[in-house]
Amino acid sequence: MSIKTGTAKLAGKSSYWFLHNILKGGTSFPGKLAMQIDPDILHTLAKDYEVIIVTGTNGKTMTTALITEALRKKYGDILTNPSGSNMQQGIVTAFLAHHPQRNGKKIAVLEVDEANVKYITKLLHPSAFVLTNIFRDQMDRYGEIYTTYDKIVEGIKLAPDATIIANGDASIFSSVDLPNKKVFYGFKLPDDKPENDLTAPVNTDGVLCPKCNHILHFHERIYANLGDFFCPNCGYHRPDLTYTVNQIISQTPNSLEFKMGDKDYSIGIGGTYNIYNALAAYSVAREFGLTDEEVAQSFAENKRIFGRQELINYQNKEIDLILVKNPVGLDEVLHMLNTEKDDYSLVTLLNANHADGIDTSWIWDADFEGLNKDKIKKVLVGGQRWHDMGFRLEVAGFDPALMTTVPNDDEVIKMLGSLPTKKVYILSTYTAMLSLRKAMAEKKIIKAGM
């Protein structure tokens, strides 16, 4: 290890200790500081690790958490970046903070921002890429979905011996010829029949055939552009699947039961999109030698994670804090809310900072009109762009008399206790979620940090 690298490592570890023991937080600064001294320090930190990179538009954090918990069943300690700090400085911080076990296999499961896959892959050598999905998201930063996938492919090409474990129901992931070993996962439900010929709603993105630009059709569509796709023009179709979900048994906002192969699985979180995340994690776990029983046990023990359907108990309220960041993800959350059997209150927090995407027009592509409004007894509208969300909800048919503007986090927290229902769902963009969690931590409602 060079003097420069040693100094960078010491500075990063020292700053991490100070931030987490004195200031109780900080997920990217230690990595940023270490990189200023040695820009290639990640290469040194990761050299003894078998690395799994998880990337895609939605589900990265949950999929990473599920993979990590599953692999711990077989391999013990696993390095990961659980806070969702998924750019280079956050990943460096994760390595600086980790104290590896002396014996056994060193494995790192890393959530990586789509635009950063190339830069991370240059500095470490992943053994696997896990691809969740690609939807329109922060178009001011990523552009169209094909641009996003091109960024991911640039990184994959730097590691041709890595295994690609990809969502086979996303037509884009089998569209580029790559030399890597490929493992595809997806849904194979009883209604999925070869004679079915379905099309997606007209406003669905990513339904042009990647080979000939004809509109894709589906034998079965799960949601958005995901499903058993085929092109009636050129014959392009879903690849053969290695791992499948065969049945959705039951769904609530806080639980899922489904069948993969011949075994039933359950996780304590809602949303069809989270079944895809579980299937991705299952696929990785099986590729790394875990049994069905070990995977099922890890799923049953899975804990809620930071900001992703995080359950908070406060003043006798059951508060579900859910990150939303693009129309497909928001749409699926709204569908999940329609599985709620009890009355609830709805809180929406909309920001438009760089990390959220500065264009808020995406909220108009989500189906607020389809929400069961009879179940919603009160609505709080907050965040920097509360006026945009308030207007969107009024257009969707919400009664303005049930809506209250909450101009800041303190007001949100104050109002939570007075809401008329026990159950509360908070839908929040990324920076609004961070801000609210910080305010809650200062009031000792939740623990500080991630």
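Predicted model: local features only at pLDDT ≥ 70, side-chain atom pairs only at ≥ 80, totals over all residues.

Me: Which ring does Tyr 276 pair with, and what is the geometry?

Reply: Tyr 223. The ring centres are 5.9 Å apart and the planes sit at 75°, so this is an edge-to-face pair. Tyr 223 is buried too, at 5% relative accessibility.

Me: How many aromatic pairs does the structure hold?

Reply: Twelve. There is also an aromatic cluster made of Tyr 243, Phe 258, Tyr 265, Tyr 282 and Phe 299.

Me: Is Cys 209 buried or exposed? And what about Cys 234?

Reply: Cys 209 is buried, with 0% relative accessible area. Cys 234 is partly exposed, at 40%.

Me: Switching to charges. How many salt bridges?

Reply: The count is 18. One of them joins Glu 114 to Lys 60, with the closest N and O atoms 3.3 Å apart. It links distant parts of the chain: Glu 114 is in the loop between strand E3 and helix H6, Lys 60 is in helix H4, and they are 54 residues apart.

Me: Is that Glu 114 buried or exposed?

Reply: Buried, at 2% relative accessible area. Lys 60 is buried as well, at 5%.

Me: What does Glu 287 bridge to?

Reply: Lys 181, at 3.2 Å between the closest N and O atoms. Glu 287 is in helix H9 and Lys 181 is in the loop between strands E5 and E6, 106 residues apart. Glu 287 is partly exposed at 29%, and Lys 181 is partly exposed at 49%.

Me: And Asp 388, what is its partner?

Reply: Arg 385, with the closest N and O atoms 2.7 Å apart. Asp 388 counts as buried at 19%, since the cut-off for buried is under 20%. Arg 385 is partly exposed at 25%.

Me: Last one: which residues of H14 are buried?

Reply: Among them are Thr 431, Met 433, Leu 436, Arg 437 and Met 440. Just after H14, Lys 444 has a positive phi of about 65°.

How values were computed
Residues numbered from 1 in each chain as written. Heavy atoms only, no water. Phe/Tyr/Trp six-rings, centres within 6.5 Å; stacked < 30°, edge-to-face > 60°. Buried < 20%, exposed > 50% of the residue type's maximum accessible area, 1.4 Å probe, protein only. Helix = DSSP H or I, 4+ residues; strand = E, 2+ residues; numbered from the N terminus. Salt bridge = Lys/Arg side-chain N within 4 Å of Asp/Glu carboxyl O.
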